[in-house]
Amino acid sequence: MTTGPGPGPVDGEAAAEEETYRLYVDGFPRTVSGAWVGDSLLTVLRDVLGVTTVKDGCEQGRCGACSVLLDGRLAAACTVLAADADGARVLTVAGLGTVGLARAVRAMFLAEGAVQCGFCTPGFVVAVTDLLTRRPDAGEDELREALAGNLCRCTGYGRILAAIRAVQRDRALADPDDGVVGSGGGLARPGEGVVGSDGPAGAGP
Amino acid sequence: MSVGGGGIGEPVRRPDGPAKVAGAFPYAGDLRVAGMLAGRTLRSPHPRARIRRIDTAAARRLPGVAAVVTAADVPGVATYGLIVADQPVFAATEVRYAGEPVAAVAAVDARTARRALAAIEVDYEPLPAATDPEQVLAAGAPVLHPSGNLYREIDLRHGEPWADGPVAVEDHYVVGMQDQAFLAPEAALATPAADGGVDLLVATQWLHSDREQLAACLALPEDLVRLTLAGVGGAFGGREDITLQIHGALLARAAGAPVRIAYDRVESFLGHPHRHPARMWFRHTATRAGDLVSVEARLVFDGGAYASSSPAVLANAVTHAAGPYRVAHARLHGVVVRTNNPPCGAMRGFGVPQVTIGHEAQMDRLADALGLDPVEVRLRNTVQPGDVLPTGQVLGAPLPARELLQLVAARPLPGPSTADSGGFALPGGLPAGAEPSRVRRGVGYALAYKNLLFSEGFDDFSVARVRLDLADDGTPRVRIHSACAEIGQGFVTIAEQIARTELGVDRVELRPADTGVGSAGSTSASRQTWMSGGAVRGACAAVADRLLARVARSAGLPAAVVEAPRTSLRLAKGRIVGAEAGPRMEIADALAAGPVEAEFTFHHRRTTVLDAAGQGDPHVAFAAAAHRAVVDVDVDLGLVRVVSMALAQDCGTVLNPLALRGQVEGGTAQGLGLAVMEELVTDGGRVTNPTFHDYLLPTAADVPDLDFIAVTEPQPDAPYGVKGVGEAPTCTATPAIVAAIRAAVGRDLRRVPVRPQDLVDLPGRSGPAGPREHGGDTPA
């Protein structure tokens with residue numbers, strides 16, 4: 001028995017179908033060639049491009065460990081066909097940056113003990129940063145519902161929610177009028193210049 | 001005692017945290033080296049079958065395939081196992097569970113490896129699978145393995161086993177199979193070495209146990225099998241057994257190249273042992289006043305196809321089956337058996353969660369029969385120091401079970417959560433659209449104790465090596481070497497805190513955990529803070545002794561000081577200070593004469609095996625926990641929402657309050673999962689739901705905030721007075737929630753996890769738990 005979804009076709013599938021396309025990963029243009037046309041964005045990121053800041057927990061869109069921002073929208077990379085994302089801007093936790101909201105989320109995850117094994121953490125930091133960008137004042141129920149797509153097996157979520165509340169509290173104190181992106185633009189959006197073809201040319205992480 | 005803080009007792013942050021929040025921490029599955037091959041495993045689709053022939057020729061011929069290995073390629077011992085080596089590295093003649101490895105391949109990439117697996121021809125002759133654990137010991141049952149179908153039987157008799165009280169309650173209980181479901185699937189990187197050995201980077205719980213089993217199967221001396229811990233994404237018992245380690249090493253040696261072997265989620269569900277499903281019968285008797293007279297239990301644990309840690313799990317189940325209650329007479333009988341179901345072994349709680357579900361249901365039932373409050377009947381019977389446990393072991397150390405229950409019962413109850421939040425807070429959340437008038441609330445309690453460290457005479461020692469030297473910039477630095485597997489629990493933080501406290505040095509570095517130092521034992525059994533923490537502390541103390549003796553001698557201090565330097569000198573805040581006088585010398589200056597290094601092996605007190613009547617002194621120590629759960633149940637849809645959880649726990653001395661909180665909240669969530677959603681379902685031995693789509697884990701929407709009270713009475717014989725804290729709350733969360741559901745719906749729920757069909761009447765329903773409920777088809 002060979003089990004589960006896996007990278008690439010098995011016998012009988014169109015093994016030869018490969019395409020060349022471009023992704024902008026964490027600000028760097030990356031050319032993808034040699035990948036099977038059916039490969040997920042997760043497989044291409046990890047196994048073709050070697051981007052391991054995105055984690056592979058289930059390949060079914062259930063655990064959220066592979067959460068990325070795809071052209072600014074939260075997505076599970078395992079449920080996106082990489083070839084369909086041709087030309088897209090993909091942000092993993094590494095591309096969120098270390099300033100602004102993303103920095104605050106990271107710092108509070110550490111301060112509040114929201115990290116144990118840490119395997120869910122990159123996906124959580126992406127999802128939380130996205131949520132607080134869109135809904136900085138999200139209440140308890142909204143936070144819990146919004147993050148139900150990210151599984152954590154170690155923490156029972158208590159410290160993760162404490163970290164999020166701490167970020168909300170700090171930002172409310174720091175600047176009640178703080179805008180969506182926050183000082184320094186912790187969360188890059190399409191067209192804001194952090195990612196895209198004007199990033200460092202040809203460089204890979 | 002420390003320089004700028006960071007010692008024991010403080011909420012020190014994880015040293016690996018910054019890398020983890022940045023996505024830069026390398027988990028085993030993230031490892032990549034040049035020329036690395038991809039390893040994958042072929043598994044049996046049959047729960048039981050004879051293997052007539054395996055033909056790997058076509059797979060070997062595929063371009064890009066570097067190695068194919070089967071049982072024929074195992075050079076050493078053909079089998080392995082944690083306690084007894086009964087599990088084949090690859091099935092050779094017979095497969096005994098669906099998912100059992102039959103072959104493995106290494107290829108240039110995962111795609112090619114998958115093609116190679118598909119090209120391997122295995123000719124199976126399916127045999128009837130034995131999947132009912134209550135049938136495999138019957139006369140005439142098929143013998144499933146040369147070692148037989150019984151892993152262990154324990155017949156514990158205490159007091160006068162047939163003594164009876166005037167009030168009796170009895171019933172059957174069933175617990176389903178839970179999975180550890182750690183988030184990072186299994187992975188390892190195996191590299192053949194020039195000296196003929198093999199190097200492994202692997203996510204595991206116990207490097208030295210892995211090495212011992214690897215060396216035997218590879219026919220290599222242990223010093224040629226070198227293991228280093230790779231980043232571990234959770235474990236919870238599921239990485240205590242060998243899974244892909246031997247396969248990866250065989251492939252690397254066959255291919256002559258590094259191989260990263262990895263599982264996907266489906267393979268992870270099939271590849272590691274699970275929590276034992278259990279069928280249990282209990283009979284409790286008491287006086288009319290409510291004092292327990294006797295407890296009788298019969299336990300059948302399904303160990304699945306191979307032994308794993310089943311014998312030790314059963315010992316825990318039997319010896320804890322009466323719970324933390326004083327009982328003069330007990331007959332506790334258990335068997336753990338071999339079937340063609342998936343193998344079961346270690347999971348957080350290790351046999352105790354199952355029996356806690358039983359004994360706590362019984363205590364509630366006893367309360368009902370006596371007309372007592374559930375808290376009251378427990379308070380009357382909790383064990384106290386000096387009491388004799390059913391094994392004959394005398395409870396030595398304080399166990400604040402009574403206090404825990406009183407604390408948790410005194411916590412304020414949550415208010416009603418009917419129509420708030422636009423329906424989010426009702427069972428099922430927004431999508432279910434519960435009708436508030438059809439929601440019932442219930443409150444339930446559970447109390448348990450759980451043994452700490454390995455039991456039954458096992459000397460699970462831990463070794464640590466500590467070196468104090470000067471870093472390149474001239475500042476004192478402590479380097480710790482321990483093979484303790486960091487699996488998320490936070491030993492890396494605790495070890496550094498201990499070193500800062502003992503040596504008064506800020507800068508502490510932990511070397512990678514590997515087999516270059518002695519064993520630290522397993523990261524399991526709530527043992528590493530105590531055992532490896534004790535080893536680090538002991539090594540630090542030895543380093544302090546050596547440095548201080550050197551300083552005392554060179555300073556011409558009296559011989560009495562040189563011989564016992566820590567009686568008058570100590571290390572604190574970067575300095576060596578006298579007991580009375582002020583600062584004498586900077587540690588940095590003392591180290592100019594050279595570094596100081598020491599190794600220490602920590603042992604816990606010796607315990608004994610159980611005798612034929614289940615009597616002995618089997619457990620080193622215990623920790624207790626009490627949960628109170630509040631639930632809302634939609635009585636039309638059978639959906640449960642856990643509204644609040646309160647926990648009071650016996651924690652010993654707290655070394656890191658952040659880590660403690662994370663452990664008890666995580667432990668509670670896993671118990672919640674077992675109560676209402678987590679079950680690996682098998683049909684004829686085949687797992688039907690080995691994905692996160694079908695095996696449900698609690699989400700942030702399912703787990704309420706934990707109202708937590710730590711009771712911090714020091715454990716007398718442990719370093720700093722610590723207790724392990726991760727397991728006890730997992731044991732109590734499940735039965736507290738189930739009790740709350742019973743209270744809400746008025747049904748005698750006998751099966752865990754509780755499913756919607758157990759809460760609403762469906763036409764034609766039947767099953768192991770049976771529709772035997774009485775007292776309350778109409779919700780209260």
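At what angle do helix H8 and helix H17 of chain B pack? The angle is about 40°, and their axes lie 8 Å apart. Axes here are lines fitted to C-alpha atoms, for helices over the stretch in contact, and angles run from 0 to 180 degrees between N-to-C directions. H8(B) and H17(B) are therefore oblique to each other (under 35 degrees is roughly parallel, over 145 roughly antiparallel, 65 to 115 roughly perpendicular, the rest oblique).

This is a predicted model: local features need pLDDT of at least 70, side-chain atom pairs need pLDDT 80 or more, and totals for chains, interfaces and linings use all residues. Residues are numbered from 1 along each chain as its sequence is written, and chains are lettered from A in the order in which they are written.

H8(B) covers residues 352-370 and H17(B) residues 728-745. Helices are DSSP runs (H or I, at least four residues), numbered from the N terminus. Residues in contact have C-beta atoms, placed from the backbone, within 7 Å. H8(B) contributes Val352(B), Ile357(B) and Asp364(B), among others. H17(B) contributes residues including Cys731(B), Pro735(B) and Val738(B).

Now the domains of chain B. The bounds come from an automatic or database domain assignment. Domain 1 is 17-24 + 460-602, domain 2 is 34-128 + 183-234 + 239-271, and domain 3 is 278-455 + 611-759. The centres of domains 1 and 2, taken over C-alpha atoms, are 39 Å apart.

Last, the chains. Their contact takes 54 residues from chain A and 62 from chain B. On the chain A side, H2(A) gives the largest share, four residues.

Technical notes: Two residues are in contact if their C-beta atoms, placed from the backbone, lie within 7 Å. Helices (H or I, at least four residues) and strands (E, at least two) are DSSP runs, numbered from the N terminus.
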